[in-house]
Amino acid sequence: MASSSTEDEPLQGASAAAPTYAGMADLVPALPLETRCPPFALRQYGGFWLPEAALRRGIPALHAGFVPRPEDVLLASFPKSGTTWLMSLAFATAHRATHPPFSGDHPLCRSNPHDIVQFLEVGAALAGRTDAAVAELEALPSPRVLATHLPYSLLPARVHAASRIVYVCRDPKDALVSYWLFTRSASGSVGVDAESLPLQQAFELFREGRCFYGPQWRHVLEYWEASRRRASLAAVANVLFLRYEEMLLDPAGNLRAMAEFMGCGFSEEEVAGGVVDEIVELCSLEKLRSMEANRSGRRNASGIRSDAFFRKGAAGDWRSHMSPEMGRMVDEAVEDALRGSGFSFAGSSTPARQ
Ligand code: PAP
C-alpha cells in the first residue's frame, strides 16, 4: 500500500527548474512512496513516480559522471511504448556498416535488444558504482546508442545540450495494458507473481499517474515540448518525437526519418539496394521473437525473461483487456491533464495495419 502521498504537482512540462542530486540518497526516504505498482517501490520526485533504486543510485550516478558525446543517440520512452523496437532499429541503423542487417550473425540475432543498448540509469549506475557506471558507458564505441525511461526534466543538463534524443510515445491505454501484461508474463523473473498487479489496480493507479515513470502524459508532454523547442530554437536539445502507431503504419518511412536525424541517413543506393527494408525486417516483432536469444526460457542481463518484451505489438489491443468504459476513463484523465498543452493523443489508438 502507499504509505504516504502528497498533492500532485501542477503540470509544468520541461520548463521545471533543473533539480539537484547531491544528497539524493538521504532525501529518498522522505519522498512520497507507492508500493502497489510491482515490481518496484516507487517514489515521487520532480512530478514523477520513479523506481526507488534509480532515484537513490542510478540517477545520482548519471548526473555525477556521464559525459555525452555529440554523436550519441539517446532513445527515450515511457515504459511499454516501443523501447525494444526503437533500440533494435537504432542500433541496426547506426552500426549497419559493421553489422550488415542481412548478416546471419548480427548482434540482434544473438542478444536481446536490452543487452545491446544500455540504459543510462541502470547497470552499474543502479548498483551505485558510479565509477563503474561511467567506465561502462565510456567503454562503448561511438556512435553510442543509449536508452532511458527518465523524464526529460530529470536528464542531466549536459545531455539536453549535447545529445540527439529519439522519443517514442504510444497510446496510454496500450502502454498501460502492455505493462500490466508484462508484469504477468515476466512474473518470477522481476520479483512479481502473476497476480500481484490486478488490472483494476493497474488501471486506477495509471489514471492517477502513480505508475512506473508516470504520469505517462507528463512524460510524453515534456519530450514533445522539447521537440517543438528544437524546431524554433536550434540551440536547445534535439528531440525527434515519434509515435508507435505511426511506426506500425510506416516503419520504413519512420526509420528513414530517424536515420536522417541520427546523422546517418540512408543513401539512395542503400534505399535502392533494400537496406532500409532489411533493417525493418530484421527488427520486426516476428523476427526478433524468433531469435534464440529472445525465446522463452532465456533471460536478459537484468534477469528479465527475454520473451516478455515481445507480445502482440499492435495498436488498440487494449480493447482485448479493458472495457470501453475503462478506456474512456483513461482517455478522460489524460485529456484533462493535457488540456491547454497543445498535445493530444486523440486518434492514436486507431488499429494499425500489421
Ligand atoms: P520496455 O519499456 O520494457 O522496454 P517496450 O519495448 O517499450 O518495453 O514495450 C513492449 C511493447 O512493444 C510490447 O507491446 P504489447 O505488449 O502491446 O504487445 C511489445 O510487443 C512491443 N514490441 C516489442 N518489440 C517490437 C517490435 N519489434 N515491433 C513492434 N512492437 C514491438
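Q: What does Arg-328 form a salt bridge with, and how far apart are the closest N and O atoms?
A: In this predicted model, Arg-328 forms a salt bridge with Glu-332, and the closest N and O atoms of the pair are 2.4 Å apart.

Q: Where do those two lie, in terms of helices?
A: Both Arg-328 and Glu-332 belong to helix α16, which covers residues 324-338, and they lie 4 residues apart, about one turn of the helix.

Q: Why does Asp-307 count as buried?
A: Asp-307 has a relative accessible area of 17%, so it is classed as buried, since that class takes in values under 20%. Arg-305, by contrast, is partly exposed at 26% relative accessibility.

Q: What about Arg-295, what does it form a salt bridge with?
A: Arg-295 forms a salt bridge with Glu-292, with 2.9 Å between the closest N and O atoms; Arg-295 is partly exposed at 40% relative accessible area, and Glu-292 is partly exposed at 47%.

Q: How many salt bridges are there by this rule?
A: The count comes to 15 salt bridges, and there is also a network of salt bridges that links Glu-34, Arg-36 and Arg-210.

Q: Switching to the ligand, which residues come nearest?
A: There are 21 residues around the ligand, and those that come nearest are Lys-80, Thr-83, Thr-84, Ser-178 and Gly-313.

Q: How does the shell divide into nonpolar, polar and charged?
A: The residues of the shell around the ligand comprise 8 nonpolar, 9 polar and 4 charged.

Q: What lies 2.5 Å from an oxygen atom of the ligand?
A: That is a polar side-chain atom of Thr-84. A side-chain N or O atom of His-149 is 3.2 Å from an oxygen atom of the ligand, and a backbone N or O atom of Leu-285 lies 3.4 Å from a ligand nitrogen atom.

Q: How much of the ligand's area does the protein bury?
A: The ligand taken alone exposes 640 Å², and the protein buries 96% of that.

Key: Residues are numbered from 1 along each chain as its sequence is written. This is a predicted model: local features need pLDDT of at least 70, side-chain atom pairs count only at pLDDT 80 or more; totals for chains, interfaces and linings use all residues. Side-chain values use heavy atoms; hydrogens and water are left out. A residue is near a molecule or strand if one of its heavy atoms lies within 4 Å of it. A polar contact is a pair of N or O atoms within 3.5 Å; within protein, one must be able to donate a hydrogen and the other to accept it, and residues adjacent in sequence count only if both atoms are side-chain atoms. Accessible areas come from the Shrake-Rupley method with a 1.4 Å probe; for residues, only the protein chains shown count as cover. Ala, Val, Leu, Ile, Met, Phe, Trp, Tyr, Cys and Pro count as nonpolar, Asp, Glu, Lys and Arg as charged, and the others, Gly among them, as polar. A salt bridge is a side-chain nitrogen of Lys or Arg within 4 Å of a carboxyl oxygen of Asp or Glu. Buried means under 20% relative accessible area, exposed over 50%, partly exposed in between (1.4 Å probe, protein chains only).
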